[in-house]
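Trainee: Please take one part of this model and go through it closely. Then carry on to the contacts between the chains.

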Amino acid sequence: MADTMMAIAILLPVVAGFLILAVRNYYARGAVVILTALILIANSVYFTLKGPFTYTPGGFNWGLLITILDYGILIFYLYIGFSLRNWLVLIFALTQIIPLAYFEFVMKAHIEVTPAFVIDNLSIVMTLVISIIGSLICIYAIRYMYDHEHHLHLEKSKQSRFLFWLVLFLGAMNGLVFANNLVWLYFFWEVTTLCCYQLISHDRTELAIKNAARALWMNATGGTAFILAIIYLYTTQGGANALSVQTIIGGGLQGSLVLLPVALLCYTGCTKAAQMPFQSWLLGAMVAPTPVSALLHSSTMVKAGVYLVVRLAPAFSGTYLSVVIALVGAFTFFGTSALAISQTTGKRVLAYSTIANLGLIIACAGINTPLSIAAAIMLIIFHAISKGLLFLCAGTIEHQIWSREIEDMEGLAVKAPLTTLITAVGILSMFLPPFGMLLGKWIALEAAYIVPLAAVFFVLASTLTIVFWTKWLGRLLQVLPKLGWPIEKLSPSYSVPLWTLLIGIFIVGIGIGPIYQNFLLAATNNVISGNQIISLGLNNLVLTTPSFLQREILGVFPVWPLYLILIVALLLPFLLIGLKPTELRPVYMCGEQAGGGAPDTDEWFAEADTVTKCQLGGYYYQSVLGEKRVCPWANAIAILLLVIMIGGVIVI
Amino acid sequence: MMINQLLLVFVVLVGAPIVGGLLFGIDRKITARMQGRYGPPIIQPFYDFFKLLGKEHIAVSKLQFVWIYGYLVFMIASLIFLVLKSDFLLLVFLLGFAAVSLVLGGFSTKSPYAHFGANRELMQIMAYEPILLLLAIAIYAQNGSFLISEIFKHDKPLLFTLWPLFLAVLYVLTIKMRKSPFDIATSHHGHQEIVKGVTTEYSGPYFALFHLAEWYEIILLLGIIALFWTNPLWVGILIALAAFIMELFIDNIAARLTVSWMVRLSWSVGLILGIANIAYIYLTKGVS
């Protein structure tokens, strides 16, 4: 059974991908994608039911295949570097391929690691996120890419190619979260980088290719650090035994400088999670069609980065490295939240918010208590759902107004009430109680005092978070006094993923107590043992500090009562207020309103009684928080933190 | 236990707006006297409230009610959290939802004045939110718990160790009470705001809801200040009332500052007070 499950999780997306490439009919291709999605979802649920196990594939020299494919990918990078004349891509392809060749041919390394795959509860949480949310995004992409190409008036359809990389991505991610053999983990890591490059450059515009190349070289620096960590572990820790994730986190490393490979791997995680100063690749990725962004931001790619850091948390627990990682993450949380305020494009706000929340997750791994690790895992799940939803909303909005600018979304509540409603819930779920993201942030803040500077960054960042979300939501809601908003029609390929994710926010949010107790607690224990969150009646989450005599209560989060309050707040206006057309009035404009008393006018008499349309706009504070102003400083501090992270490990 | 708590919640739900309304009446009276006027009777806010309730229903947007109810309901929720001595950090986040609701209510009209007010209200949130969150962390640093009930278990008042944050919270009180120099988003006494700021487009019964929420809010804010001296609690309440009266004086002697001044002041002086306070506790007490 394990054979089938692993094959479905990792190889089925590959097979399905090639099938999608072969099928040229829109409906048949869609059917293949939907079928693959359903099988992946069912399989991930089966993983949950079956529970943890270890697995080593036999019957075929998989190691050799992976080695060949490794070189294939790296040679392809070299080719990209040459053909684009992009020296950074070239250099960082070489810094991977040369050490890898040295490792395998000169050192003649044996890289047999048993078990090759360890599927524990944390991996299962990840595979659920990848399979369910990733699959929904693939379904969404079927129709989206059709509309996208229709809008661009392309002669030759590239939808198959797009869906191929999209589906392949899911397989690579599943492999990545299951792999125990570091060399195999590295391989899956590179496949995700490759998929990411192909998807960002999909539209083949100059900007798309440039940004894809940037994503490639930045992630390739991470890949380089990964290989160096592998070689270092192999040479100093006596062979292939040390190339097992379980050995590294199980305290199996001995001797001096054991933290160096861990620090290198955390650096790799930070590049993939687009932590400052690497945030520019994820922002550049915004040029790609929206399903790519949705996939990169919610369930794949960046989540691989935070997964690696959270996974390695036991290896740096209680060390200097742990504190620095908390600060690296917390600083990114703060810096990118500030930058998000100055963004005028919806997708860029989403991107900065993703990076900020990934920073929060990495900081939680650095804080490294049972409480903070639980917060990190909850944040991974809640962020995947909410951010996946928001990107799909952004894509749906884009296909309704053909713009990504926040100012163009002004008054969307009238043009597309349904999309606006879903987007509004998505936005609120990112930063307000009782939703899951806030729950995660709340736990993180209550755990953060161990690294007080990180706690201060959390405080500042969560304040800035309120500002940019509220600003954006406010633009959507600006409406004229008018009744009767026709509800727009959405293709099922759009609406099914949207509704599923929206309902998901509430199901996981409301049920977080039992979900944590029965499932996430075990995942937390895979990283750090201890039970600091207790779920009591009415789904109260009680945070405790373990002590010898009694448990002291840190804080209480009454989940159900809070959702009840939310429902009351939403129901009251609907129950108490039935708005009649006669009750509508124009807004106050100092009596200079034009339009002859009709309420739904936004015209007024300007100078010399010329009728002028009233125009309102959002504030973006670019003179204070613009990228040009903030980035040089913020990047310098972030680079300094990374230098302290790796340099400090060597010095201390 | 459970019955007692329900009773307490009920008493506060009914009592808070009465006391809050009276406080606003006293505010108007004292302010009037300071300006050499006679001033309205102390129960004038209630007259106003019931008069507003009886007015015609007028709306400029289908969405603004959702948010005015959000403002009221989440304000009451935060107050209940305070009364039940629950988690202080969560209380601050709930208060955040209330504040965000008010901003979104302003944004959900196409009114230039409401937008001015909403943008300013948002900057006000940015100015005071970090101080309240730092207060939560400082309370944890001092007591080892975020629960308000833990504050009551300690004999030594928080004021002794958290006095820098107390000063910062007074700053927050000025902003939240919409008093000069920070009556920026909207203000009570018709100083010099642009029309009526964030509440410009609320009228009649909906405007009454806004007042009701403000009455709950003032009780909540003074309650937070009273937490600085909980044993015995009457000292804390006296401190809170003194702070309230002090705000009225500040209101009448200060001119309004600009938004950027407000944010700059709180992100420099306010945050330094808060961070230094936490750093001091961390260095002297360590992680308990």
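**One helix and the contact between chains**

Mentor: In chain B, helix α8 covers residues 204-226; its 23 residues reach 33 Å from first C-alpha to last, close to the 33 Å expected at 1.5 Å a residue. That expected span is 1.5 Å times one less than the number of residues. Helices here are DSSP runs of H or I with at least four residues, strands are runs of E with at least two, and both are numbered from the N terminus. This is a predicted model, in which local features need pLDDT of at least 70 and side-chain atom pairs count only at pLDDT 80 or more, while totals for chains, interfaces and linings use all residues. Residues are numbered from 1 along each chain as its sequence is written, chains are lettered from A and ligands numbered from 1 in the order in which they are written, and side-chain values use heavy atoms, with hydrogens and water left out.

α8(B) is mostly covered, with 23 of its 23 residues buried. Buried means under 20% relative accessible area, exposed means over 50%, and partly exposed lies in between (1.4 Å probe, protein chains only). One of the residues in α8(B) is B:E217, which pairs with B:K176 of helix α7 (residues 158-176) of chain B, so parts 41 residues apart in sequence are tied together. The pair is a salt bridge with N to O at 2.8 Å; the term needs a side-chain nitrogen of Lys or Arg within 4 Å of a carboxyl oxygen of Asp or Glu. B:E217 counts as buried at 3% relative accessibility, and B:K176 counts as buried at 6%.

Another pair in chain B is B:E150 and B:K153, whose side chains meet in a salt bridge at 3.1 Å, N to O. These two residues are 3 apart in helix α6 (residues 148-153) of chain B, which means that about one helical turn separates them. B:E150 counts as buried at 18% relative accessibility, whereas B:K153 is exposed at 59%.

Next comes the contact between the chains. Chain A gives 68 residues to it and chain B gives 64, where contact means heavy atoms within 4.5 Å. The two chains bury about 5900 Å² between them, 78% of it on carbon and sulfur atoms. Buried area is the accessible area (1.4 Å probe) that two parts lose on being put together, summed over both.

Between chain A and chain B there are 3 salt bridges. The side chains of A:E410 and B:K110 meet in a salt bridge at 3.7 Å, N to O. Both residues belong to a network of salt bridges that also links A:E407, A:R475, A:D602 and A:K613.

On the side of chain A that touches chain B, the elements giving two or more residues include α18 (417-431), α19 (436-447) and α20 (452-477) of chain A. The largest share, 16 residues, comes from α20(A). This side divides into 52 nonpolar, 7 polar and 9 charged residues. Nonpolar covers Ala, Val, Leu, Ile, Met, Phe, Trp, Tyr, Cys and Pro; charged covers Asp, Glu, Lys and Arg; the others, Gly among them, are polar.

Helix α20 of chain A holds A:T463, which counts as buried at 0% relative accessibility. Leaving aside neighbours within four places in sequence, A:T463 is in contact with B:I125, B:M126, B:E129, B:P130, B:L133 and B:W267.
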